[in-house]
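Here is a short report for a reader new to this structure. Look at the model first, then read on.

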Amino acid sequence: MAGFRQEGTADAAGVENFLRWLIHPVTVAATALLIVNDHLLKAVFPGWLTGKLSDVAGMVMTPPLLALVLVGAVRLWGWCRPALRRTTGESGLLGEVLAVGAILLVGVGFTVVKATATGAAVASAWWSVVNGPSVIRADLTDLLALPALGLAWWTWRSARARPTLAGWLRMVAVLVVLPIAGLGVAATSAPQHDDAIALYEWRGGVVGGNGNAYHADREPDWWDISPDDGLTFTALKGDDLELFRRQAPPAASGLDCSAREPTHCFRVVPGRLAVQESRDGGATWRLAWQVDEDARARLGLRKSGLKDPDEYLSSRALLVRDQADGGVVVLVANGRDGYARRDSAGRWERIGFGTTVGDTYRIEASATTIPSVTEATAIAGRRVALPLSIAVGSFVALVGCAALLVRRAGRQRVALVVVAGLMSLTGLVIFMSYALTGTNSDDSLGTVFTLGAASGLSVLPAAALVYAVAVSRRALGLARRSCLAGLLAGGLIWLPYLLRLLTNWPQQQVLTELVVLLAAGVALLSIPVGIRHSTRLLDQPVPATAGGAEQGGG
């Protein structure tokens, strides 16, 4: 019986070694770096450095996670349990094997994925199942991160030499650090934002060059060939792909004419989803097709991660193809919107990324539906107006309640109020910048900001209310007025959206600018008005009551 308890203790100690490795300060720092880099730094500073930072951080924090998976798998098999209990408690041999195995597996797997196209393709397919559409690209320069595995080995040795974890640290490791690290790894792969970048004429067909707009390099990563001028596409691969890469024809420009009728020309309109047509060799032009600016702004709301609509949601290149019936087909590359096609009868259609066919499959990638005015207004309201209304309302309430705190609690509260006010203003400025430049991007920042504003920015007004109840009835009344002013200020942010729904004005592209300007005006105006109103009310004499002096102190 005593021996059994000793074996059980050894078993727990073995697992605890890996938990200590997981919450080692270096591992935690690498996890934080991975999350911050993938979700903030890559978007703000895209480039070589931020790309490699994630690889280095991954080399440090992935082995502990994999080691915990391995030790769990070993413990799952009954025939391995006696060996695990014996070796982890006495020599620790199995623990060393699992740690070294985890590090080697991470290194080998990373090398295969980054050094071979097959490894990258398999990793992309597998990760797309786990994490949604994702692309992992082979890149030999990423192997520069492999030496960071040495740091992972050092953290293992350091963690193994540390004292046994306290109960609360063990709970933190299992309930906090482990889920965060797992989510950090799951969210590191690049999202896939299909981008129609280029067009080529090759082997009697049309080749479309597509990329991932997430990488911001606007370079094609894969090519599809269409033998029927855009009706269907087939992925270039194998020998055809290698031949195309070696003998790639010049990419089409934004202007092309019919070979049979050289005076019949088409050209893209830079910065817009639009094409112009000329029947006199370019002497005069008329609009042939477009997605108008308001519709393009509404379409952009459906494109997650859209950085700059003028760059990524605009016509880039076109090809004019003569047809046997005497007409022409025009194929246009429109960035994140895919392709537009004009048939020989003159009918235009947004076809998205078209119909891709293979030996055993047929994939329809239709164009994204343009949301209605009501739908687009609701989307923009959720992403911009909701966080701003909460933030501005909390800030206005904060101004009045802060004046109350300083007035009632003395000048020792000034530093607290100034710090809280600066934090609130900083949050407002950050989100206003996000709203102006990233209305069409994913709304993760908006969600985080909403939660942060609803919880963090409301703490001080709530504290002021509690304080007011304990101090005086007059202070309670002033705190109530401040909170009511915050509710009204937050409601003001929604007025442009209501106006848009009722009158179709302002246009979608200026709606966010107007809302942000209104939010900034309300926030700035609340500072002098709130302070002046609060101090004037507190300086007024107290009216006589039946009970004499004001109850609760003053």
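The text below goes from the whole chain to single residues.

## Overview

This is a predicted model, in which local features need pLDDT of at least 70 and side-chain atom pairs count only at pLDDT 80 or more, while totals for chains, interfaces and linings use all residues. Residues are numbered from 1 along each chain as its sequence is written, and side-chain values use heavy atoms, with hydrogens and water left out.

The secondary structure comes to 18 helices and 16 strands. Both are DSSP runs numbered from the N terminus: helices are H or I with at least four residues, strands are E with at least two. The protein has 554 residues, and 45% of them count as buried. Buried means under 20% relative accessible area, exposed means over 50%, and partly exposed lies in between, with a 1.4 Å probe and protein chains only. A contact means heavy atoms within 4.5 Å. Among contacts between residues at least 6 apart in sequence, 63% join residues at least 24 apart.

## A sheet and its helix

Strands S3, S4, S5 and S6 form an open sheet in the order S3-S4-S5-S6, with antiparallel pairing. Two strands pair if DSSP finds at least two bridges between them. S3 (194-202) and S6 (234-235) each have a single partner strand, so one side of each is left without a neighbour in the sheet. Helix H9 (residues 238-246) packs on this sheet and touches S3, S4 and S5 (222-226). The direction of H9 makes about 80° with that of S3. Such axes are lines fitted to C-alpha atoms, for helices over the stretch in contact, and angles run from 0 to 180 degrees between N-to-C directions.

S3 and S4 (residues 205-212) pair over 8 bridges. Tyr200 stands opposite Val207 of S4. Asn212 also belongs to S4. The C-alpha atoms of Asn212 and Asp194 are 5.1 Å apart, although 18 residues separate them along the chain.

The side chain of Asn212 reaches the backbone nitrogen of His193 at 2.8 Å. That is a polar contact: a pair of N or O atoms within 3.5 Å, where, within protein, one must be able to donate a hydrogen and the other to accept it, and residues adjacent in sequence count only if both atoms are side-chain atoms. His193 lies in the loop between S2 (190-191) and S3. Beyond four places in sequence, His193 touches Gly211, Asn212, Ala213, Tyr214, Ser304, Gly305 and Arg336.

The structure holds 1 disulfide. A disulfide is a covalent bond between the sulfur atoms of two cysteines. The cut-off used here is a pair of cysteine sulfur atoms within 2.5 Å. Cys257 and Cys265 form the bond, with their sulfur atoms 2.0 Å apart. The torsion about the S-S bond is about 100°, so this disulfide is right-handed.

His264 sits in the loop between S7 (255-257) and S8 (265-268). Beyond four places in sequence, the contacts of His264 include Cys257, Val328 and Arg342.

## A hairpin, a helix and a loop

S15 (residues 354-357) and S16 (residues 362-365) run antiparallel, joined by 4 bridges. They form a hairpin with 4 residues between them. Gly354 has Ala365 of S16 as its bridge partner.

Helix H5 (residues 93-115) has 23 residues. H5 reaches 32 Å from its first C-alpha to its last, close to the 33 Å expected. The expected span is 1.5 Å times one less than the number of residues. Buried residues of H5 include Glu96, Ile103, Phe110 and Lys114.

Trp494 is in the loop between H16 (473-492) and H17 (495-503). Beyond four places in sequence, Trp494 touches Gly381, Ala385, Leu386 and Ser389. A polar contact of 3.4 Å joins the side chains of Trp494 and Ser389. The C-alpha atoms of Trp494 and Leu388 are separated by 9.4 Å, with the two residues 106 apart along the chain.

## Accessibility

The table gives relative accessible areas.

| Residue | Relative accessible area | Class |
|---|---|---|
| His193 | 10% | buried |
| Asn212 | 2% | buried |
| Cys257 | 27% | partly exposed |
| His264 | 4% | buried |
| Cys265 | 3% | buried |
| Cys483 | 23% | partly exposed |
| Trp494 | 35% | partly exposed |
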